[in-house]
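Trainee: I have not looked at this model before. Can we go through it piece by piece?

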Amino acid sequence: MLLTQAPKGTQDVLPQDSYRWQDAERIMRETCAKYGFREARTPVFEHTELFLRGVGDTTDVVQKEMYTFMDKGNRSITLKPEGTAGIARMFLENKIYAQALPSKIYYVSCPVFRYEKPQAGRLREHHQMGVEVFGAADASCDAEVISLADELLRRYGIGGVKLMINSIGCPECRKAYNDVLKAYLRPKLHALCDTCRDRFERNPLRILDCKEKKCQAELTDAPSMLDCLCDGCREHFEKLKKYLAALEIPYEIDSRIVRGLDYYTRTVFEFVTQTPAGKLTVCGGGRYDGLVEQLGGPATPGMGFGMGVERLIMTQDACGVAPKAPRLYDAFVIAVQDEAREAGMKLVRELRGAGVNCDMDHAARSLKAQFKYADKQRVGLVVIIGPDELENGVVKLRDMATGEEENLDREVAVAKITGRIKTEESYVTDRI
């Protein structure tokens, strides 16, 4: 039944898996904070015109993949297909350009919607994390953003990653390159796919990004954009390479990298890794010096990257570096018979107040079933309260790993349980 099926190209994040997302977001927040980035959140939908002007009306995203509809006010609205345009709109609308620049912004788990064939790590609804820097024109900013991405991937445990860089120049030198590229492609048009033939007049640069094997075969000797760079763009690219060398970040130059959105200028980059499932791009970005001006604001250089959360998690799995699932509870309170339940609830409240993740049975299970449940939850410590414990003013503490038990005076039970949890490494390392 459709009623009980998620729409095609979407997926649920199950309770037992949500720690993966929380771990990714935590690392993103911690790393960005070190670099002086602050978080921003933008609406899930924007006016369609934002993406027509910002992303580019000749891109596949705008032409084929956007979820666009008319709202009840007869306004054209689009679910955002990428994160940067919305951040740029926010930057412009709220006059952040009038504040001290550069402005360093990041976002986490930004929902992105694209109507395309669902594939591994890329769904019709997926989520992105990313950073944007406005107001820094020097290539040192490019290197800084790349360095941040590099540190993130290392913290996520993804090894064997290659940084691929390119420059696609500015509008002026790109115009010259388009002429050279079209002259090269014109005799080959008959061998290209329908999409590339359609791109030939409107956006020939995008042909370099085609994944069709027959098109790739025709592009073997395609001219390089790097040979057509103007002096300013060439100098910028040379400075970027020097900065990356200073940061000891290895890279390879790939003149085929163009990215899929029209707002990019000069630096573009991707981090790719080889997995059993094949080569995966886990992070990509670049410079977009004309975007804010294109949206009606002052000339403001920009630089950033995006990283798909689903793609990141899939890559961690493929590389065997998925983070360990956290322990749900540090302790579990077992109340034997109804007369111990009130005392159990009070102890749970006190333990939670002391920072202990804990719970008790609320399903009226038998003593044996409560122990079985605690074992399934990988609980390290079980606190038992029964008639005898109530009469003697104690609680019984059982170590589930060793089976050892000890009676604790009720007045000091919370302090002793808390202290034990904090000092035993087995409990500390299991928690995010």
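Trainee: Which strand does β2 join, and in which sense do the two run?
Mentor: This is a predicted model. β2 covers residues 45-47, and three bridges join it to residues 76-79. Phenylalanine 45 stands opposite leucine 79 there. The partner is β4, and the two run antiparallel.

Trainee: In the hairpin of β3 and β4, which residue takes a positive phi?
Mentor: β3, residues 67-70, pairs with β4 over four bridges in the antiparallel sense. Phenylalanine 69 has isoleucine 77 as its bridge partner. Five residues lie between the strands, and the one with a positive phi, near 60 degrees, is asparagine 74.

Trainee: In the open sheet of five strands, which strands stand at the edges?
Mentor: The order is β13-β12-β14-β15-β16, with mixed pairing. Two of these strands have a single partner each, so one side of each is left without a neighbour in the sheet. The twist from one strand to the next averages 25 degrees. The edge strands are β13 (358-360) and β16 (405-409).

Trainee: Which residue in β13 stands opposite valine 333?
Mentor: Look at β12, residues 331-335. Three bridges join it to β13, and the two run parallel. Opposite valine 333 stands methionine 360.

Trainee: At about what angle to β12 does helix α13 run?
Mentor: α13 spans residues 367-376 and lies across β12, β14 and β15. Another helix, α15 (residues 413-423), lies across β14, β15 and β16, at about 135 degrees to β16. For α13 and β12 the angle is about 175 degrees.

Trainee: Which residue just after α11 takes a positive phi?
Mentor: α11 covers residues 309-319, and its buried residues include Val309, Leu312 and Ile313. Among the elements covering them are α1, β5 and β11. Just after the helix, with a positive phi of about 70 degrees, comes glycine 320.

Definitions and conventions:
Residues are numbered from 1 along each chain as its sequence is written. This is a predicted model: local features need pLDDT of at least 70, side-chain atom pairs count only at pLDDT 80 or more; totals for chains, interfaces and linings use all residues. Side-chain values use heavy atoms; hydrogens and water are left out. Two strands pair if DSSP finds at least two bridges between them. Axes are lines fitted to C-alpha atoms, for helices over the stretch in contact, and angles run from 0 to 180 degrees between N-to-C directions. Contact means heavy atoms within 4.5 Å. Buried means under 20% relative accessible area, exposed over 50%, partly exposed in between (1.4 Å probe, protein chains only).
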